[in-house]
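Subject: Structure handover

Hello,

I am passing this structure on to you. Please look it over before reading the notes that follow.

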Amino acid sequence: MKKFIAISMVFVLITAMFTMLTACTGGETKNPAVADIVKAITEKYPIDEDMTQVTSENLIANTYGFESDEYSDLAIYLKTSGVEMDEITIVKAADSSKVAGIKEKLENHLNNQLVSTKDYLPEQYAIIEKCSVVTKGDYVCLIISENAEEMVKIFENQL
């Protein structure tokens with residue numbers, strides 16, 4: 001009987017250790033391309049035909065203040081009409097030390113959008129007011145849209 005209890009205890013301990021070890025490896029870090037994150041968002045919320053992708057380094061630097069050494073990947077889509085301020089901006093920082101600076105620059109951009117719409121475009125102001133800059137790992141995201149909350153959830157689920 002003692003032998004049976006001893007074998008049972010060893011079995012229970014081995015099972016517990018195996019469970020702990022496999023549970024710890026489940027926190028795998030994802031590292032998707034920013035384009036893949038945008039694709040996941042736009043599959044549910046297609047990009048409007050009035051939105052264009054910003055690729056000009058000068059425009060990116062002038063609009064956001066980003067230097068090319070701050071990020072390793074980014075995607076920026078802006079509404080081209082002057083009446084709607086819709087935007088999808090996702091930036092992957094070059095490393096974790098750059099995240100705070102990128103977040104600050106996107107927050108400044110968001111505040112500029114609020115100031116520029118407050119007295120002239122109250123509907124857009126109300127939309128922008130509900131938006132925020134979100135970070136997850138080395139990724140920083142700003143989405144300005146009526147569907148921003150749901151789009152940000154998709155962003156977070158991709159990481």
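**The sheet and its helices**

Strand 2 (residues 71-79) and strand 3 (residues 87-93) run antiparallel and are joined by seven bridges. Helices (H or I, at least four residues) and strands (E, at least two) are DSSP runs, numbered from the N terminus; two strands pair if DSSP finds at least two bridges between them. Within this pair, Leu74 has Val91 of strand 3 as its bridge partner.

This is a predicted model, in which local features need pLDDT of at least 70 and side-chain atom pairs count only at pLDDT 80 or more, while totals for chains, interfaces and linings use all residues. Residues are numbered from 1 along each chain as its sequence is written, and side-chain values use heavy atoms, with hydrogens and water left out.

The open sheet has five strands in the order 1-2-3-5-4, with antiparallel pairing. At its edges are strand 1 (51-53) and strand 4 (133-136), each of which pairs on one side only. From one strand to the next, the twist averages 15°.

Helix 3 (residues 57-64) lies across strand 2 and strand 3, at about 80° to strand 2. Axes here are lines fitted to C-alpha atoms, for helices over the stretch in contact, and angles run from 0 to 180 degrees between N-to-C directions. Helix 6 also packs on the sheet, where it touches strand 3, strand 4 and strand 5 (139-144), and its direction makes about 160° with that of strand 5. Contact means heavy atoms within 4.5 Å.

**Pockets**

A pocket is an open set of points on a 1 Å grid over the protein atoms alone, where a 1.4 Å probe fits, with protein on both sides within 12 Å along at least five of seven lines; lining residues have an atom within 4 Å of a point. Volume is the space filled by probe spheres set on the points, which are joined across faces, edges and corners.

The largest pocket holds about 200 Å³ of space. Helix 5 (122-129) and helix 6 (148-158) are the elements that give two or more residues to its lining. Helix 6 supplies the largest share, four residues.

The second largest pocket has a volume of about 160 Å³. Among the 13 residues lining the second largest pocket, Tyr45, Pro46, Asp86, Ser145 and Met151 are the closest to its centre.

Regards
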